[in-house]
Amino acid sequence: MGSSTDNLKGFVLALLSSGFIGASFIIKKKGLRRAAAASGVRAGVGGYSYLLEPLWWTGMITMIVGEVANFVAYAFAPAVLVTPLGALSIIVSAVLAHFILQEKLHALGILGCVMCIAGSVVIVIHAPQERAITSVQEIWNMATQTAFLLYVASVIVIVFVLVFHFAPLYGNSNVLIFTGICSLMGSLSVMSVKALGTSLKLTFEGTNQLIYPQTWYFMLVVVTCVITQMNYLNKALDTFNTAIVSPIYYVMFTTLTIVASVIMFKDWDGQGLGSIISEICGFVVVLSGTILLHVTKDFDRNASRSLYAPLSPTLTTRLCSGNGEMLKHVVEDAAYPEDACLRRQGLY
């Protein structure tokens, strides 16, 4: 089994990741507003002046740093610990929006933040130790065990059915179709990211894993899954309200990722029933807190439109969902110019 030191490293990296990613959305939103004020053309109506705005690029760099930290976290700690902690980025974003953007955080939103923190503490306390892995071939053996191959086959079949049968018929009316495709592929991408991250970690420690074809295969799977996620998350955000897509996506993605990790890496082997139940309860509390935050951000919408970071687990999906969310708010500013001007006076 891996050491508790590795779990601690993974936990700290996951926290840093959430901090950077949560802050990046606020920085990018300020950059978008500043660019719109300077050029008079908003991104939501086809403007690209934000590409010349240093603040927007600062936000992008901040997000990438957060994603790198998230990637490395998977190399040290089990997905059961790292994945649910992604919810903390929503707290960072909500709190910063309250103080920096003067976007009021509702009392129930504060309760949602507290619930996310409390649930995360429970998950961290009861998280399993990562088993020690010495080569990418060892991970390959885990990935080719019968139980996980059945999971992968099930995911591929369900995704094909959703893409080719249900998406053309119900994709624009049922939010579960596009988010389901994202979540199913996301669970496979996280397993591949974890395998790739572990391979790179071993390589940097002196045991070269790049000579094995399995390392490159995992990289190919990561790219394929991420592109599919990016495509269908964009479709979901373009079709449905982000306040609906984000919590549903978070629930489905995190649940499927934990299931995949438990099957492939056997995270719960050797753990007592009490610890497993505690982890599940902690996840349910985090889940409830995130839904509460997303629901309460629609309160008093005309008075204050809030921006919270979407709960997407990968760089490309976060980039897409993040920009989609921000563009939507820029358009909202155009729809309520008086309100936008009042709020902008405190920003520039």
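**Exercise 1. In which kind of crossing, left-handed or right-handed, does helix 1 pass helix 4?**

Before we start: this is a predicted model, in which local features need pLDDT of at least 70 and side-chain atom pairs count only at pLDDT 80 or more, while totals for chains, interfaces and linings use all residues. Residues are numbered from 1 along each chain as its sequence is written, and side-chain values use heavy atoms, leaving out hydrogens and water.

Step 1. Find helix 1 (residues 4-39) and helix 4 (residues 88-100); helices here are DSSP runs of H or I with at least four residues, numbered from the N terminus.

Step 2. Their axes are 8 Å apart and pack at an angle of about 40 degrees, where axes are lines fitted to C-alpha atoms over the stretch in contact and angles run from 0 to 180 degrees between N-to-C directions. The two helices are therefore oblique to each other (under 35 degrees is roughly parallel, over 145 roughly antiparallel, 65 to 115 roughly perpendicular, and the rest oblique).

Step 3. The crossing is right-handed, that is, the near helix is turned clockwise from the far one by less than a right angle.

**Exercise 2. Work out which residues of helix 6 are buried, and on what side they lie.**

Step 1. Buried means under 20% relative accessible area, exposed over 50%, and partly exposed in between, with a 1.4 Å probe and protein chains only.

Step 2. In helix 6 (residues 136-143), the buried ones are Val 136, Ile 139, Met 142 and Ala 143. They sit on the same side of helix 6, because their arc around the axis is only 110 degrees, taken from the directions from the helix axis to the C-beta atoms.

Step 3. Now look for the cover, which includes helix 7 (146-170), helix 8 (175-204), helix 9 (213-239) and helix 10 (242-264).

Terms used
Contact means heavy atoms within 4.5 Å.
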